[in-house]
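Hi,

Here is the structure I promised to pass on. Have a look, and then read my notes below.

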Amino acid sequence: MNVLEVRDIKKSFGSKKVLEGVSFSVPENCVFGFIGRNGAGKTTTMRAVLGLLKTDGGEIDVCGERVSYGCTPKSGCIGFLPDVPEFYGYMNAREYLTLCGDITGIDRSTLKSRCSELLELVGLDKEKHRIKGYSRGMKQRLGIAQALINRPKLLICDEPTSALDPVGRKEILDILSTAKEQTSVVFSTHILSDVERICTQVAFLEGGRTAFSGSIEEIHAMKSDTALELTLARPEDTGRVTATFPGCTVSEGKLIFPKASDSDQAELMAFLGAQAIPVMRLERHEADLEDLFMEVIGK
Ligand SMILES: Nc1ncnc2c1ncn2[C@@H]1O[C@H](COP(=O)(O)OP(=O)(O)OP(=O)(O)O)[C@@H](O)[C@H]1O
Ligand SMILES: [Mg+2]
């Protein structure tokens, strides 16, 4: 069963259309990358999923339960880390987590072991200082622990890595990757390398719509977007190749054959061999997340 189903949601603020048909599904125990530029509508979508925003249309189901404005799912199966989490700075991490657990009604003995387990997961188990002295990365890690306190089936994190340095980002990505054993994780970002590191599923938000939604394998399987890059040993041979293969372009001394199939490659190699044109390098450039993102945003 999918933990989250978002179907065709729409939202305008006054005359400004922000979401014009956003749809995607999140399976169990996966890490899902929700990708979009600044202002694309990522936070707006997440607020709608949490029941914190009234949409103008569409449907959202979390764990099979319909989400409506003002009513978070009764099963309490969502955990949320906002983009700028706020804490009581005078508390330490354990005190803060205990408070969160108390509020959600977890009994004291379960809560003690749950806090220890979560503090260990986020690497704050040895930390005794007050939260007000924490770095941004430490606050994000505590925020993840807080969001997991109620054993949610869905953890939503709004740009958890955007403000962090590479070390802090890696720590968060490792924690989210581990957390997928107990929950599905949806995190929004515009950092594509973070997505490639830990996500198995993605959705691109562009122009108020989901321009692409699917698995990372589906992106890599888009063989039609594979390009060949040919570097000739003698630049003076370039004209002979472009005359025979008019679809290719020349860029920075390389001949680029966009969308080259296996048979296109075989044809090119046969031509180069027959013409005795020496080759310095022939590379296949597989479509990656960045290529696809640039394509969907029309760059
Ligand atoms: N309450 C609101 N009233 C008016 N406009 C809003 C409101 N909330 C969001 N918007 C507008 O909706 C658009 C999408 O905002 P949103 O915060 O969802 O984008 P985002 O993808 O999360 O961006 P970022 O990467 O900067 O966090 C923006 O143009 C924003 O100004
Ligand atoms: Mg945002």
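These notes cover the ligand site and then the cavity search.

Ground rules: this is a predicted model, so to speak for local features pLDDT has to be at least 70, side-chain atom pairs count only at pLDDT 80 or more, and totals for chains, interfaces and linings use all residues. Residues are numbered from 1 along each chain as its sequence is written, chains are lettered from A and ligands numbered from 1 in written order, and side-chain values use heavy atoms, with hydrogens and water left out.

Ligand 1 has Phe13, Lys16, Val18, Arg37, Asn38, Gly39, Ala40, Gly41, Lys42, Thr43, Thr44 and Glu159 around it (a heavy atom within 4 Å). By class that shell is 3 nonpolar, 5 polar and 4 charged residues, with Gly counted as polar. Helix 1 gives the largest share, 3 residues (helices are DSSP runs of H or I, at least four residues).

As for polar contacts (N or O pairs within 3.5 Å), oxygen atoms of ligand 1 sit 2.7 Å from a polar backbone atom of Gly39, 2.8 Å from a polar side-chain atom of Thr43 and 3.0 Å from one of Glu159.

The cavity search (1 Å grid, protein atoms alone, points where a 1.4 Å probe fits but cannot get out) turned up 1 cavity of 30 Å³ or more. Its lining (an atom within 4 Å of a point) is Leu4, Phe24, Phe34, Thr45, Met46, Val49, Ile156 and Val186. Helix 1 (residues 42–49) leads here too, with 3 residues.

Cheers

Key:
1 Å grid on protein atoms, 1.4 Å probe; cavity = no way out; pocket = protein on both sides within 12 Å on 5 of 7 lines; lining within 4 Å. Points joined across faces, edges and corners; volume = space filled by probe spheres on them. Helix = DSSP H or I, 4+ residues; strand = E, 2+ residues; numbered from the N terminus. Polar contact = N/O pair within 3.5 Å; in protein donor to acceptor, adjacent residues only side chain to side chain.
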